[in-house]
Amino acid sequence: MAEKQAFFESELVKDFNNKIEKDHLGPLWSAIPELVSKEPKPLAVPYLWKWATLKEYLLEAKEIFTPERGGERRAIYLQNPGLKEREPWGWGAATQNLYAAVQLILPGEEAPSHRHTQSALRFIMDGEGAYSVINGERMFMNEGDFVVTPQGMWHGHGHEGTEPMFWMDVLDIPFVYATGGTFFEGHPDGLEKATHPDNYSSKQYQGGLVRPKADRQPKKAPVGAYTWAQTESALNGMMEYEPDAYDGYTVEFINPSTGKTANANIAAWMQRLPKGFHSQAHRHTNSSIYYVHEGRGYSVIDGVKFEWEKGDFFIIPSWCWHEHVNLEDGHSHLFSVHDTPIMENFSWQREEEADHKQAIKKTFQPYG
Ligand SMILES: [Fe+2]
Ligand SMILES: [Fe+2]
């Protein structure tokens with residue numbers, strides 16, 4: 001073994017590798033352990049962003065970046081430090097495949113309609129009175145609501161409320177960028193005019209378990225906005241029973257006409273961790289982005305303690321051990337997104353469960 005190692009580190013090998021590199025060729029004998037590793041070795045790192053930091057920057061940005069000055073959206077994205085070397089712009093990567101940002105829209109502002117091959121979803125963090133126009137329907141959004149705009153659907157935003165409004169945007173930008181499928185188109189009217197009554201699709205689905213007869217055949221997004229009241233009601237119904245050992249009480253946002261995830265490439269969950277909950281550790285090949293909707297606690301990711309409270313975001317990269325602990329004197333609610341559909345579609349999804357809690361080696365500190 002040592003002999004083999006010494007050979008691959010020898011001048012003979014190095015010189016040859018350097019020689020072929022000049023002609024844009026690569027030596028598989030040296031590259032294979034990293035390119036085809038025995039198990040996932042994500043470049044993304046576990047990380048956490050405090051809401052106070054993000055909010056301060058967004059409020060500063062509101063003075064500088066106005067809709068008249070362009071820029072499509074006033075949004076600041078989470079750049080994973082482990083993926084920042086990707087050119088250009090770190091591929092907007094919070095995880096290997098997913099992008100996440102916080103967007104701020106002010107009363108009276110409009111963000112023009114556009115469509116793209118990336119799929120998007122939104123989780124409303126704070127405020128009320130803003131709406132998304134999705135394929136001709138204005139959907140009004142309040143804190144805790146979930147909104148979905150799968151690929152190719154027109155979407156723009158406006159705000160008729162009186163206070164600043166913040167929401168989380170999630171897209172599969174890094175995945176689409178890597179696979180070369182990017183197309184983008186601006187709407188000819190700027191903000192698309194509404195052609196349907198406001199909140200039409202949400203009203204059609206307010207019963208939850210029944211669908212309009214017209215939706216018997218699967219649609220890409222039969223419902224655009226999912227209300228917090230409905231999500232909360234589903235979680236309340238689960239509380240009579242024991243929580244899942246790894247994820248507490250969890251519901252997944254679905255496309256009611258297919259039963260699959262609301263967004264074909266991105267799974268989205270609302271998770272309730274009851275008082276005193278400390279999950280078992282597990283790991284999986286899908287990566288995850290968490291947003292703390294309510295409560296406080298911590299997650300242990302590969303032996304590092306990530307302390308979180310309302311408004312914070314944190315990343316669980318592929319194949320990292322993790323467990324969640326609720327410290328709130330009541331429930332904590334975590335909204336999360338996962339690239340599970342991508343991993344499942346390519347048969348790459350694997351999970352492993354631990355029968356013990358992790359030892360905490362240190363507490364996370366933001367990188368300087
Ligand atoms: Fe968009
Ligand atoms: Fe997990």
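**A walk through the predicted chain**

The chain holds eight helices and 23 strands; helices (H or I, at least four residues) and strands (E, at least two) are DSSP runs, numbered from the N terminus. This is a predicted model, in which local features need pLDDT of at least 70, side-chain atom pairs count only at pLDDT 80 or more, and totals for chains, interfaces and linings use all residues. Residues are numbered from 1 along each chain as its sequence is written, while chains are lettered from A and ligands numbered from 1 in the order in which they are written.

Start with overall shape. The C-alpha trace spans about 75 × 50 × 45 Å along its principal axes.

Next, the interior. Buried residues (20 or more other C-beta atoms, placed from the backbone, within 10 Å of their own) make up 38% of the 368 residues. The largest nonpolar core has 75 residues. Such a core is a set of buried Ala, Val, Leu, Ile, Met, Phe, Trp, Tyr and Cys residues joined through C-beta atoms within 7 Å. Among those with the most contacts inside it are Tyr99, Leu121 and Ala268. Ala268 touches Leu121, Phe146 and Val337, among others, not counting residues up to four places away in sequence. Contact requires C-beta atoms, placed from the backbone, within 7 Å.

Finally, strand pairing, which takes at least two DSSP bridges. Strand β4 (residues 110–116) runs antiparallel to β9 (residues 155–159), with three bridges. Glu110 has Gly158 as its bridge partner in β9. β4 also pairs with β11 (residues 184–186), again antiparallel, over three bridges. There, His114 stands opposite Gly186.

Technical notes. Buried ≥ 20, exposed ≤ 12 C-beta atoms within 10 Å, placed from the backbone. Contact = placed C-beta atoms within 7 Å.
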